[in-house]
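Q: I have a model with several chains open on the screen. How should I read its salt bridges and its interfaces?

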Amino acid sequence: MKKGKKLLTEPKWCKGCGYCVEWCPKKVLSIKHEKVVVENPDDCICCGLCEQRCPDYAIWIETEED
Amino acid sequence: MPSKLVEETMRTRRLPHIWCPGCGHGILMRDVCQAISNLGLPQEEVTIVSGIGCSSRAAGYMNYNTLHTTHGRAIAFATGIKMAKPEMHVIVITGDGDATAIGGNHLIHAARRNIDLTVVVFNNSIYGMTGGQYSPTTPTGEKGTTAPYGNIDGDFDIPKLSEAAGATFTGRGDCFHVPQMVKLIEDGIKHHGFSVIEGVSICPTYYGRKNKKGSAVQMMHWQEDNCIDIKKAAKMEPKDLEGKIILGEMHKDASRPEYCDEYDKIIKKAGGDK
Amino acid sequence: MPNNKQKRFQLLQGNEACVEGAIAAGMRFYSGYPITPSTEIAERSALRLPQVGGKFVQMEDEIAGIAAALGASVAGTKSMTATSGPGFSLKQENIGYATIAEIPIVIVDVMRSGPSTGLPTSPSQGDVMQAKWGTHGDHPVIAICPSSVQDTYNQTVRAFNLSERFRTPVILLMDEIVGHMREGCELIPTEELEIHNRNTNMINSMPYAFGEGQYVPHMTSFGDGHLYNITGLFHDEAGFPTNDNEIAGEENSRIMEKIKVYKYSGILEYEEQQMEDADIGIVCYGGTTRAVEGAIEKARDMGYNVGMFRPITLWPFPEHELIERAKQLKRLIVVEHNYGQVLLTVQGIIKGDTKVEFIGKVNGTTITPDEIVRNIEEGEE
């Protein structure tokens with residue numbers, strides 16, 4: 001995980017399509033019970049591909065404001 | 001709290017949206033919001049007009065002036081809004097059936113006028129809201145609930161159709177290649193004239209199931225593998241382009257006058273500017 | 001430089017007077033499609049609107065004609081479209097849209113002979129019931145029917161006012177006779193008219209929020225800063241679609257009720273001529289009015305006590321007023337250029353001893369005063 005950045009999810013909005021899991025270059029995510037789960041947060045490089053392709057806005061990178 | 005973009009540009013208390021798991025429309029809707037945000041347009045100066053169908057439900061979720069109209073008529077409503085308030089950025093979100101079947105006449109005539117609207121067609125090649133009937137962009141041979149033996153109709157190429165009718169900016173993006181789609185929408189909004197941007201979407205529920213295309217993820221992989229940028233396509237043999245989707249800006253003509261500008265000249269001629 | 005100052009008194013067609021009335025009422029946008037016998041409305045709008053800083057656009061079809069006008073209205077501009085029978089049929093879906101989305105608009109239908117292409121240049125009043133029931137689903141309607149050139153001017157102003165006040169489409173139901181009738185008209189300037197504009201004072205920043213006992217939403221125009229949604233689906237107070245049956249039921253009822261509640265606050269208008277001592281009444285409207293006026297004069301000379309009851313607001317119908325008046329009548333004759341459309345309403349409300357009769361014509365010719373007089377005489381034999 002990059003400094004000052006966070007990977008966040010909103011399980012209520014997730015419909016479990018699996019796009020984020022499939023195109024995550026670092027295998028950070030998985031789907032459990034049809035919802036996205038952040039399995040390996042430390043491996044996340046905050047590339048943002050999951051956020052771009054999530055049709056349900058259920059996963060995103062947040063930059064912490066200082 | 002969702003992402004900053006979503007928080008600012010969508011009516012988040014209305015989420016999750018009605019679209020099926022894996023539907024590409026959610027991605028394309030975010031792309032439109034991203035493009036508007038990138039351009040720094042004040043939300044009150046943006047109007048989203050939509051018609052009827054899966055695509056057109058986008059308007060309700062987007063935090064701008066939003067008008068969800070009747071089937072096929074979004075571009076005609078948008079024409080009235082733009083003429084009444086030319087300073088407004090009017091963006092039409094429509095679908096393949098909405099824009100090119102029931103609303104086909106409005107599409108070609110708005111193109112002919114070159115009125116400054118930006119039309120984003122969420123093309124899922126099927127009528128999703130009614131359960132999977134073939135549309136004007138269903139490829140020949142593919143199936144729908146009303147084409148159980150395969151579709152014998154030809155299919156429209158939306159950017160080509162629009163260009164032939166007089167659109168002065170056309171392009172095609174898709175829901176996999178997000179930055180490219182966002183850029184196309186931005187350029188379409190910036191273009192002072194009639195812009196049509198096709199966004200190739202994915203309908204895993206109806207189109208995918210009916211045509212045995214596999215899961216949403218498999219359909220997205222197909223899109224990833226079969227979309228080719230227009231610059232690369234220019235160097236390829238026609239036979240290698242068969243069945244491929246070409247992406248990019250297709251046509252731009254900044255020389256033709258815009259409709260509202262021309263009407264202002266009429267008001268001047270008639271003496272109504274005093 | 002063009003001289004845009006209009007003379008106060010002009011010799012005009014009904015269709016032209018409609019445009020002048022509309023401009024006086026504040027119309028600044030017109031979109032439509034050419035169709036006989038309404039085309040002069042488009043032509044004069046094309047000429048006159050840019051003179052007053054307004055805009056005209058000839059759309060690709062009838063549906064686009066009403067759709068663009070609705071778009072302009074959403075953006076805060078008073079808008080109108082005009083058509084005739086076949087085009088009126090095509091506009092129906094978007095009339096329903098205007099009703100549920102509560103967008104002010106004036107739709108002019110200059111009736112011609114039908115069904116289908118019919119007799120395009122001949123008079124008819126065949127769209128009376130279409131004006132009431134044309135769009136699908138339960139809906140209220142305001143339809144106004146002028147009978148002369150001056151009346152067209154005045155009633156067009158009123159059509160805009162009602163549309164703005166109640167946020168509802170108003171149908172100006174003209175016919176070929178009134179549309180092409182040419183006579184003197186006073187173009188009463190805007191300053192001398194009572195002009196109503198829509199209420200844009202939004203409640204709780206919600207476009208469809210209502211206080212107790214309120215029926216008309218207060219909505220800002222697009223671009224005025226409030227970001228909200230308009231849809232043809234049943235919607236909540238924010239304008240967002242809902243499947244909630246309770247909200248849908250309430251909304252449907254409110255839209256129906258708002259026209260009922262305000263029926264006597266400016267919506268209803270009718271005219272009576274020589275009804276005080278009449279025992280024979282004639283119901284007419286629009287293009288049959290002149291013939292009836294002539295017939296009354298002749299019949300009175302012959303000793304018959306005949307009077308006229310003319311609904312100016314055709315929908316909602318002046319039911320109560322006609323029922324009251326009919327109490328003194330032995331005969332009530334409905335005269336219209338159709339197979340009996342207002343007749344259906346009259347038959348439905350007039351019970352008791354008054355005999356309801358009908359004179360109609362559907363071959364594209366007009367009913368003459370003599371035909372009406374003959375009918376009066378025959379009934380007295």
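A: Start with one residue. R310(C) has a relative accessible area of 5%. The cut-off for buried is under 20%, so R310(C) is buried. Keep in mind that this is a predicted model.

Q: Which side chain does R310(C) meet in a salt bridge?

A: The partner is E271(C), with N to O at 2.7 Å. R310(C) belongs to strand β13 (residues 306–311) of chain C, and E271(C) to strand β11 (residues 270–273) of chain C, so the pair ties together parts that are 39 residues apart in sequence. E271(C) is partly exposed, at 24% relative accessible area.

Q: Where do R300(C) and D277(C) lie?

A: Read the bridge, then the elements. The closest N and O atoms of R300(C) and D277(C) are 2.8 Å apart, and the two form a salt bridge. R300(C) sits in helix α10 (residues 289–301) of chain C, while D277(C) sits in the loop between β11 and β12 (280–283) of chain C; the pair therefore ties together parts that are 23 residues apart in sequence. R300(C) is partly exposed, with 21% relative accessibility. D277(C) also counts as partly exposed, with 42%.

Q: Is K361(C) buried or exposed?

A: Take the bridge before the accessibility. K361(C) forms a salt bridge with E371(C), and their closest N and O atoms are 2.9 Å apart. E371(C) is in helix α13 (residues 369–380) of chain C and K361(C) in the loop between β16 (355–360) and α13 of chain C, so this pair ties together parts that are ten residues apart in sequence. Relative accessibility is 23% for E371(C), which counts as partly exposed. K361(C) has a relative accessible area of 19% and is buried.

Q: Which residues do salt bridges with shared partners join into one network?

A: Look for shared partners. Here they join E16(C), E20(C), R44(C), R48(C) and R182(C).

Q: How many salt bridges are found over all chains?

A: A search of the whole structure gives 40.

Q: Now the interfaces. Which pair of chains has the most contacts?

A: Two pairs of chains touch, and the most contacts are between chains B and C. Chain A and chain C do not touch. Their nearest C-alpha atoms are 19 Å apart.

Q: What area do chain B and chain C bury between them?

A: The size of an interface is often given as the accessible area lost when the parts come together. For chain B and chain C this is about 3500 Å², 60% of it on carbon and sulfur atoms. The contact involves 44 residues of chain B and 47 residues of chain C.

Q: How many salt bridges and polar contacts are there between chain B and chain C?

A: Count each kind separately. There are three salt bridges. In one of them, R113(B) meets E60(C) at 2.6 Å, N to O.

Q: Which elements of chain B each supply at least two residues to the side that touches chain C?

A: They are α3 (58–61), β2 (65–68), α4 (74–84), α6 (104–113) and α12 (259–270) of chain B. By class, the residues on this side of chain B are 16 nonpolar, 17 polar and eleven charged.

Q: How do β2(B) and strand β10 of chain C run?

A: Check the direction and the bridges. β2(B) and strand β10 (residues 229–231) of chain C run parallel, joined by three bridges. T66(B) has N229(C) as its bridge partner in β10(C).

Q: Where is V52(C), and what is it in contact with?

A: V52(C) is in the loop between α2 (39–48) and β3 (55–58) of chain C. Leaving aside neighbours within four places in sequence, V52(C) is in contact with G272(B), I23(C) and R28(C). V52(C) is partly exposed, at 28% relative accessible area.

Q: What area is buried between chain A and chain B?

A: About 2000 Å², of which carbon and sulfur atoms give 63%. One salt bridge crosses this interface. R30(B) and E51(A) meet in a salt bridge at 3.4 Å, N to O. Eleven residue pairs are in polar contact across the interface of chain A and chain B, both residues at pLDDT 80 or more. On the side of chain A that touches chain B, α1 (19–23), α2 (49–53) and β4 (59–63) of chain A give two or more residues. That side of chain A divides into eight nonpolar, two polar and seven charged residues.

Note on methods:
Residues numbered from 1 in each chain as written. Chains lettered and ligands numbered in written order. Predicted model: local features only at pLDDT ≥ 70, side-chain atom pairs only at ≥ 80, totals over all residues. Heavy atoms only, no water. Contact = heavy atoms within 4.5 Å. Buried area = accessible area lost by both parts, 1.4 Å probe. Salt bridge = Lys/Arg side-chain N within 4 Å of Asp/Glu carboxyl O. Helix = DSSP H or I, 4+ residues; strand = E, 2+ residues; numbered from the N terminus. Nonpolar A, V, L, I, M, F, W, Y, C, P; charged D, E, K, R; others polar. Pairing = 2+ DSSP bridges. Buried < 20%, exposed > 50% of the residue type's maximum accessible area, 1.4 Å probe, protein only. Polar contact = N/O pair within 3.5 Å; in protein donor to acceptor, adjacent residues only side chain to side chain.
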